[in-house]
Amino acid sequence: MKVTMVGISGSGKTTYMSSLYETLGDAGQNDAGFCLAPRSMQPFDKAILSIGDFSRFSLADTFSWPDGTQQTTVWPFTVFYNSKPVTYFDWIDYRGGILTEITDIPDSNDTSEITKSEISDLASHIELSNAVILVVDAFVLTYYSNIKEARHRSGARRIHEIFTTYSRVYPNRNLTFVIMLTKADTVDSKWKSDNYAPLIERGLEVFNQMVSLCKQNPAWQGGIVPVSAVGEGNAKRTVVPTGDVMHPFKSEDKIIGFPAPLNAEHVLFYCLGQTLKQMKVEAHKSIKQREKELSEVLKKAGLVNKIWSLITRKPDAESIARAILEEKNKDYEVLSQFEPHIEPLLNKALERVRRIA
Amino acid sequence: MIYRELLYSRSLSRDYRWMIIPPKVSLESLKTLNQLYNLYDEHKHILSKSSLLPLYCLNCPEATFLVSCGLSNHKDKEGRDIYCLQGISVPREYRRHLWFVLPWILANYDSKNLLNVWRNLDFSGADAIVRRTSGDCFFRTDELDESFTEMKKGWNPPSEKLSTQESTYVSFNEDGLKELSHLIVSAYHDCIDFAFGVTPAMTKYFNFKIIAETDIRSKRSNIKNKIPEGIASATPPSPVGYDHEQTIAEPFDDPISRFDPRKKDKIHRMNLLRENSSARLLGQFLPRFLSLFKIRERLKRFNGSNQP
């Protein structure tokens, strides 16, 4: 399965990778028993290198924020539950600037071809993603009192344009999305009361179009959650107003305490849990379909069918039935591997993720 | 020597892009430079341990690019460091001139900011710079300082010829830089691709003839085949950023994907693209049908010719 993060530059996509490393990079660090590891081919030395690659995102090692992403990167991960693999997923991180460049491309230019191909790649990733995480800076949402300005500056408007098009092209397609309000620790305390309820309300207001699309489309599952990569009190934000209408403020965050990410794992658990739930439905459909095919094929079985298959040199009903049975058993096997984890994943996720319905 | 500047970087609030490009540069060349920068970006945590700036020379059909990658000394609006790929492009006809002055550039590129394109830009207005075409700049050897005059005196007849088949390795430090200069001075031939500051994984994607790798001591010989297997194959497997087809398709086979409706959509789309069944039937039977006609024609002709 694929999970893609969608958000403008500086919204916190790559930093969220750091939060995942801190919360799920080691099974011992979370009570849910799930952990993440980069998927890699054997042998062992390469597997170790890929873990090293993931750990480079550690905030606790460097006490500094990761650099911005320059290129679309796919991280293949495996989710484990008590050391046993539950599912695989590809995590897609990309250069957030692409989102603002969609309308910036000049008519015809060689370099704009590169940007166009980047945009087309991002569109393909979104198209094939089972879940998307809409990443938005909570500080930006709350800094601008004008809702339209907040929508524009946070990238929500661009996200709306993308997913309105998506719903038009794929009106019946399942989609899981989470609106992730990053840097939640940096917002004013008035937004944090009652477990960030005012911030969540603001997020829903800014993402009104996504809320509306989710309500119209029963195949969509949406959620919203505030997240922080370092946790309350562990980063110090300095904001300098510039007086420039293009860039009203500059900010700098310094990590001043040991990182303790807030709600990071809940976002991923929601995405995985909902997607696996959809897969479960599809698995049952597939099994039912195979059973139907099986009974139809078996009706044809017999001596005449065997002779006819010998003449026509085609497989007889019995061997077709055997192949269908094999596929059905495979369906059951795969289903049994992930089905028991759906509920724990969703239960944990919904402790913090508020459903949009 | 005529040269033009190029810069790939980001500004206060606009993301990474080509800010300054030389005129008439091909899309392929820009893609090659982008690939080089992406690889640098993935390995910069290793390369930044050195006090020297990495430097790369790439020969493309229309020009030679001499670029460095590193910090720009600017920060974006989120307070993050801005990195860049910056340097010069020298048109094909001036390649030999570049090769001639390259040792001097190598000796001074770090201290004199020779490849620093950012230094001439006003950062506050840089958000507006997108794909600006650079103008011609002139590099006059007679205006160079004494060090170049001294260097020219020491321009010995070529003592050895660099192998064009295998790469020569030097170290990524001050000594390695001197060795690189020496190799350039003593080489017979035209500009060659070199990388001063790479990891083994980065070299796989280019055909560098002189390589200064991190953690590899100077060997001053063609030792590519002697690099321990473990180092040569130490490509971090997880970030898959180069192959677009591979990244969009899943790089690993996932058993659960058998239940993914998106996959079914894809198959459905592929089926739609195929011919419909009646067209397929027609395609199968039409040639046979027509061949029957041909046989008949031949039979008729045969019968006709046998008739008295």
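Modeller: The C-alpha centres of domain 1 and domain 2 of chain A lie 42 Å apart, in a model that is predicted. Domain 1 of chain A covers 2–279 + 344–356 and domain 2 covers 281–339, with bounds that come from an automatic or database domain assignment. Residues are numbered from 1 along each chain as its sequence is written, and chains are lettered from A, with ligands numbered from 1, in the order in which they are written. Local features need pLDDT of at least 70 and side-chain atom pairs count only at pLDDT 80 or more, whereas totals for chains, interfaces and linings use all residues.

Five residues from domain 1 of chain A and four residues from domain 2 of chain A form the contact, where two residues count if their C-beta atoms, placed from the backbone, lie within 7 Å. On the side of domain 1 of chain A that touches domain 2, β4 (84–93) and α11 (264–300) of chain A each supply at least two residues, and α11(A) gives the largest share, three residues. Helices (H or I, at least four residues) and strands (E, at least two) are DSSP runs, numbered from the N terminus.

α11(A) also packs against helix α13 (residues 317–349) of chain A at an angle of about 160°, with the axes 7 Å apart; axes are lines fitted to C-alpha atoms, for helices over the stretch in contact, and angles run from 0 to 180 degrees between N-to-C directions. α11(A) is therefore roughly antiparallel to α13(A), a term for angles over 145 degrees.

Conventions: Angles under 35 degrees count as roughly parallel, over 145 as roughly antiparallel, 65 to 115 as roughly perpendicular and the rest as oblique.
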